[in-house]
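Open the model in your viewer and show it as a cartoon. Follow the stops below in order.

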Amino acid sequence: MDEIFQIQLDKTSEVPIYRQLADAIGALASDGLLPADSKLPPIRKMASHFGVNTVTVVTA
């Protein structure tokens with residue numbers, strides 16, 4: 001699950017942060033780095049790590 005915390009978000013990009021996060025998590029799953037049925041980290045922990053609002057994480 002540490003792979004999730006390796007995700008890099010670009011706050012200057014035109015692509016919304018929630019979309020960047022969703023795409024990155026999807027890519028981890030596609031690449032087999034995030035196994036099926038694995039639990040994601042808690043919303044608040046992800047939001048704090050990425051410096052975003054909890055709603056952003058939920059939307060992703």
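Start with the whole chain. From the N terminus on, its elements run α-α-α. The radius of gyration, taken over C-alpha atoms, is 11 Å, close to the 10 Å that the globule rule gives for 60 residues, so the chain is as compact as a globular protein of that length. That rule is 2.2 Å times the number of residues to the power 0.38. Helices here are DSSP runs of H or I with at least four residues, strands are runs of E with at least two, and both are numbered from the N terminus.

This is a predicted model: local features need pLDDT of at least 70, side-chain atom pairs count only at pLDDT 80 or more, and totals for chains, interfaces and linings use all residues. Residues are numbered from 1 along each chain as its sequence is written, and side-chain values use heavy atoms, without hydrogens and water.

Next, select I4. Find it in the segment before α1. I4 is buried, with a relative accessible area of 0%. Buried means under 20%, exposed over 50%, partly exposed in between (1.4 Å probe, protein chains only).

Beyond its neighbours within four places in sequence, I4 is in contact (heavy atoms within 4.5 Å) with L28, L34, L40, P41, M46 and F50. Then pick L21: its C-alpha atom is 9.3 Å from that of I4, 17 residues apart along the chain.

Last stop: D37. Look in the loop between α1 (17–30) and α2 (43–50). Is D37 buried or exposed? D37 is exposed, with a relative accessible area of 82%. Check the backbone too: phi of D37 is near 70°, a positive value in a residue other than glycine.
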